Amino acid sequence: MLNHLNCASEKPNRVVVVGGTGFLGKCVVKKLIEENVKVMSLGSKEVDLVSQSSVDLLGKLLKSSDTVMFLSAITPDKSRDIAAFIKNILMVKHLCEALKNAEVAHLIYFSSDAVYGQTQSLISEDTPVAPQDLYGVMHLSRELMLSELTHIPTAILRITAVYGAGDTHTSYGPNRFLKSSLQNKRIDLFGCGEELRDHIYGDDVAVIAKLCVYMRSCGLINVATGESVAFKRVAELVAGKLNGPINIQQTPRSNPITHKHFDTTNLLKAFPCLCLNDLENGLRLTQIHKQEN
Amino acid sequence: MIKPIIGFAGMTHLGLVSGVSAAEKKFQVICFDADRDKVKALNQGILTISEPQLNELVFKNKSQILFTDDVADLKKCDIVYVAPDVATDDFGKSDLANIDALLNLTFDATRNETVIVVLSQVPPGFTRRQVRTGRTLYYQVETLVFGRAVERALYPERYIIGCIDSGQALSVTYESFLAAYDCPILKMRYESAELAKISINMCLVASVSAANTLAELCEKIGADWSEIVPALKLDKRIGQYSYLTPGLGIAGGNLERDLVTIRNFADEFGTDAGVVKSCIANSNHRRDWPLRLLHKVIIKKNTKAIVGVWGLAYKQNTDSIKNSPSIALLKAIYNTHVRVFDPVVSVTAVPNRYCHDAASELDACMEVDVLVIMTPWPQFSKVNPKEIAKMMKGNIVIDPFKALDAKACRDVGLVYFTLGVAN
């Protein structure tokens, strides 16, 4: 559950988005700029977080009045191996070392629902964490490492499957379906696509992150829509958005069917006027943005 | 045998209702509370609690009841029930300081032969620690149900009495008083009686949790829980009085306290409390059903929606708002404009900055986009859905407890949502 340290919405002095050049980072930076917030976006070119030298560099860049958003990570589509895990941990180790010496006003960490693993079908913030892969363990480890920074109010956002126009990841779901539809006029489903998942539009994650910044929220929150949709339906929606027939192909299933739902009550309580896009609308917006770019 | 004089220490919901019911059974009753203002109000016939029949019975039996703030008056009593509120902390754990203090005061103020009975709910182990040499002490399980407290006090199903030794006969005086209620008396050791009370509540919680779990499923798969319930009640293993009505989790404070007590004992003794923890989680989940629905059907589309709310009390016929789902909802939509009406509870209890104190049910419907009925007060079912529809700007009614007739609502164009069935 989130607690708001600000009684009312308040624009921050500056937001430093570490990992601002990735898909989600870009969504966040765009949203903050739309709101006329002063933003410093840092990608790996500006600060190589894997290197020890990033500690001093971050120390010099950060001001005590800054809000820091941390999104940098080697995502599973790039690598799931031990080396990626170690690098991801190193990034947060260096951030922690920098923040030990350089106080900031607020820290927001973009974690993942991978910390819950696949054993629970209905997930809330009270669901015990049970990561089942290095990616999940990595996010959980990072959360714990950042929790050592007790002097900095910290919000942890556990984000579920994100999609949107600028998404370079090709994980199974809206992004891959869009890409394969455009390239091959075909969507491959695992089995009949029965699995239910919650997909959130990237710009909606940015809205929630912005609200956390403005309210100076701290604590833990799952970032999801609360509406799970079967992959088959996702495929149909994607196909419906494109011109021409798309072949939705079923393939033999290699894993048992699992479902994932989110109880987003705490998110609704934290931000009572939150309006998130449903999948159909999010896909429509994705399509519009793809065409614009 | 001369009828014993019965004392009640602590003019709480439990103490007052129990005292008045003893007077109704033709006993002389002395009701003590150290709070002078409370006693003054009671002597003027002003009750701070709301229960069906209670006002009438206080008036009817006023010649038999002495309300006093002088503890020395308890000296006249042959039996004294000690019934303070046992507060719970934020974690649901009982704070026993009050009952400790009142029990000591009562022991000191009464004669050696006076029977002392602990009536408030206490955790297992409490009563035995209070035993005093030369004094007679019992623990009597209370089964107060808010909204039906008088009825249950006058016509108990049974008495469960905790004794220092279950093989020992009850005090003759005490037995003669209990006999006036004409119900079975179950005698057992203190610890069993203390745990019996929690066991009753745990069984109720288990039924409610099962009902809530299945009702939620009904909402998703097109079944109607109200069609299933009669089939369950005709099963002798489940029974016609079983708690199968779906609700918004567990409220009121008492059942929650028992869940916490069992969970804490289980943690301490290393016994399994998985079921208890699941019940707590399910209760929290179902409590927020109206909030999730409200967002889904209206706030998501219209963040400036005005919400009408009927009911603040945690259930009908009570003024208690302890763990009230209505208060939880209003807290969660703290920046939404709301029009609130409750027949008993004041809107000052509402944690909402944009709250209009409605004068009536229909006033709470005026120009609202959605009506949420959070407490099923009997009078709500008498309001004509046609009038509701006329007053509202929108047409959505969220009525978890079926205070209104679903068909009548739909017939006048209202979009009606309730627990246990898909819209």
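Where the two chains meet, chain B brings 14 residues and chain A brings 9 residues. Residues count as in contact if their C-beta atoms, placed from the backbone, lie within 7 Å. On chain B, two helices each supply at least two residues of the side that touches chain A: α11 (274-287) and α12 (289-299). Helices are DSSP runs of H or I with at least four residues, strands are runs of E with at least two, and both are numbered from the N terminus. The most comes from α12(B), which gives 4 residues to this side. By class, the side of chain B that touches chain A holds 6 nonpolar, 5 polar and 3 charged residues. Here Ala, Val, Leu, Ile, Met, Phe, Trp, Tyr, Cys and Pro count as nonpolar, Asp, Glu, Lys and Arg as charged, and the others, Gly among them, as polar.

This is a predicted model, in which local features need pLDDT of at least 70, side-chain atom pairs count only at pLDDT 80 or more, and totals for chains, interfaces and linings use all residues. Residues are numbered from 1 along each chain as its sequence is written, while chains are lettered from A and ligands numbered from 1 in the order in which they are written.

How confident is the predictor in the complex, by ipTM and pTM? The ipTM is 0.82 and the pTM is 0.83. Confidence in each residue is given as pLDDT, from 0 to 100. Chain A has an average pLDDT of 93, with 100% of the residues at 70 or above. Its lowest confidence falls in helix α9 (residues 279-292), at a mean of 85. Its highest falls in strand β7 (residues 154-159), at 98. Chain B also has a mean pLDDT of 93. There, 99% of the residues reach 70 or more.

Now go inside chain A. Axes are lines fitted to C-alpha atoms, for helices over the stretch in contact, and angles run from 0 to 180 degrees between N-to-C directions. Angles under 35 degrees are roughly parallel, over 145 roughly antiparallel, 65 to 115 roughly perpendicular, and the rest oblique. The α1(A) and α6(A) crossing is right-handed. A crossing is left-handed if the near helix is turned anticlockwise from the far one by less than a right angle, and right-handed if clockwise. Residues of α1(A) in this contact include F23(A), L24(A) and C27(A). Among those they meet in α6(A) are V205(A), A206(A) and A209(A). By class, the contact of α1(A) with α6(A) has 9 nonpolar, 1 polar and 4 charged residues.

A second pair in chain A is α2 (residues 53-61) and α3 (residues 82-101). Their axes come within 8 Å and cross at roughly 40°. The two helices are therefore oblique to each other. Their crossing is right-handed. From α2(A) come S54(A), V55(A), L58(A) and G59(A). From α3(A) come H94(A), L95(A), E97(A), A98(A) and N101(A). The classes here are 4 nonpolar, 4 polar and 1 charged.

Turn to chain B. Which helix packs with α11(B) at about 50°? It is α8 (residues 190-221), and the axes are 10 Å apart. So α8(B) is oblique to α11(B). Their crossing is left-handed. On the α11(B) side, the contact uses C279(B), N282(B) and R286(B).

Chain B is divided into domain 1 (6-183), domain 2 (198-286) and domain 3 (288-417), with bounds from an automatic or database domain assignment. The C-alpha centres of domain 1 and domain 3 lie 37 Å apart. Their contact takes 6 residues from domain 1 and 7 residues from domain 3.

How values were computed. pLDDT = per-residue confidence, 0-100.
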